[in-house]
Amino acid sequence: MDGVDQAQAEDQESYRVGLYMDDQMLREWTVTENYLRISATEMAGTGALSKSLVVFKIQHIGRFALSGPLTFGLI
């Protein structure tokens, strides 16, 4: 299929999740599940300013390389 990544048979699923504000990384997580729960307390501790655009970039950690980032913003 054109434009769709083929699922790979990785030994372990893992993802790198970065939180950015104004193109500066505030925090990074490495997770081995396909979800990440961030508490309000933890989010407040990142230094992200209220009413600012924060961007999450998620990359699959493959056996040989990182995937391109899935990027989305929250206001």
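Which residues form a nonpolar patch on the surface, and with about how much accessible area together?

## The surface patch

In this predicted model, Leu-70, Phe-72 and Leu-74 form that nonpolar patch, and together they have about 270 Å² of accessible area. Patches are made of residues with over 30% relative accessible area and no salt bridge, where like charges are joined within 9 Å and nonpolar side chains (Val, Leu, Ile, Met, Phe, Trp, Tyr) within 5 Å. A salt bridge, in turn, is a side-chain nitrogen of Lys or Arg within 4 Å of a carboxyl oxygen of Asp or Glu. Accessible areas come from the Shrake-Rupley method with a 1.4 Å probe, and for residues only the protein chains shown count as cover.

Leu-70 belongs to strand 4, which covers residues 70–74, and with a relative accessibility of 53% Leu-70 counts as exposed. Here exposed means over 50% relative accessible area, buried under 20%, and partly exposed in between (1.4 Å probe, protein chains only).

## Basis of the model

Residues are numbered from 1 along each chain as its sequence is written, and side-chain values use heavy atoms, with hydrogens and water left out. Because the model is predicted, local features need pLDDT of at least 70 and side-chain atom pairs count only at pLDDT 80 or more, while totals for chains, interfaces and linings use all residues.

## Overall fold and surface

The protein has 1 helix and 4 strands, and along the sequence these follow the pattern β-β-α-β-β; helices (H or I, at least four residues) and strands (E, at least two) are DSSP runs, numbered from the N terminus. Of the 75 residues in the protein, 21% are buried.

The accessible surface amounts to about 5,900 Å², and carbon and sulfur atoms hold 51% of that area. Among contacts (heavy atoms within 4.5 Å) with a separation of 6 or more, 39% are between residues 24 or more positions apart.

## The loops around strand 2

Most residues other than glycine have a negative phi. Asp-22, in the loop between strand 1 (15–21) and strand 2, has a positive phi near 55 degrees, and Asp-23, which lies in the loop between strand 1 and strand 2, has a positive phi near 65 degrees. Asp-22 is exposed at a relative accessible area of 68%, and Asp-23 is exposed at 75%.

Asn-34 is found in the loop between strand 2 (24–31) and helix 1 (40–44), where Asn-34 is exposed with a relative accessible area of 67%.
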